[in-house]
Amino acid sequence: MNFKKFSKLMLGIILLCQLNACVLSSKLADKENLQLTKVEIDKDYELKMKRLYRSIVTNYTKVSAGNIIDRNLKNNSFVYIGRESCPFCREFVPMLNELLLKSNNKVYYLDTESDSKNPRIQEFYQKFSIDGVPALLYFKKDGGYEILHEDDVLPEWINKMIEN
């Protein structure tokens with residue numbers, strides 16, 4: 001092989017490598033942009049869910065842990081326990097709200113974030129066996145109460161509470 005052919009071959013290989021590097025770089029940039037877009041979408045979704053959460057819970061009557069323990073609430077009422085910073089609570093509240101719109105029952109809201117400094121919050125958690133949020137209680141007309149458990153189906157549980 002003479003020098004000219006060898007030079008042309010090497011030049012071709014170098015150009016091919018550079019072209020391949022440009023394509024790879026472009027694909028990596030597209031992937032980074034896609035990931036950035038996903039993060040932006042996630043943040044936008046989270047912001048929208050927080051706004052929705054706030055707009056819904058403003059329709060509920062705020063209550064403290066002490067009010068619940070001392071039973072300073074109406075019978076035949078629901079007590080939703082949660083906080084805005086909880087992603088599970090933000091997903092739960094719209095479903096809960098849609099189901100409760102059909103009932104005439106009073107709905108109370110215990111904000112565990114703003115009530116966290118209340119010394120009675122731990123007493124409340126122990127008395128009602130609450131170990132996390134979101135949680136839902138129903139205070140019956142006979143003075144008893146029911147707790148929504150993990151294995152309960154929300155629409156069926158609410159209907160059962162309203163019918164009793």
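Strand β4, residues 135-139, runs antiparallel to β5, and three bridges join them. Strands here are DSSP runs of E with at least two residues, helices are runs of H or I with at least four, and both are numbered from the N terminus. In that pairing, Y138 has E146 of β5 as its bridge partner.

Before I go on: this is a predicted model, where local features need pLDDT of at least 70, side-chain atom pairs count only at pLDDT 80 or more, and totals for chains, interfaces and linings use all residues. Residues are numbered from 1 along each chain as its sequence is written, and side-chain values use heavy atoms, leaving out hydrogens and water.

Now the whole sheet. It is open, with mixed pairing, and its five strands come in the order β1-β3-β2-β4-β5; two strands pair if DSSP finds at least two bridges between them. At the edges are β1 (61-62) and β5 (145-147), each with a single partner strand, so one side of each has no neighbour in the sheet.

Next, helix α3, residues 87-100, lies across β2 (77-82), β3 (106-111) and β4, at about 165 degrees to β2. Angles run from 0 to 180 degrees between N-to-C directions, with axes fitted to C-alpha atoms, for helices over the stretch in contact. Which residues does N97 touch, leaving aside neighbours within four places in sequence? They are I56 and Y60, where contact means heavy atoms within 4.5 Å. N97 is in helix α3, and N97 counts as buried because its relative accessibility is 15%; buried means under 20% relative accessible area, exposed over 50%, partly exposed in between, with a 1.4 Å probe and protein chains only.
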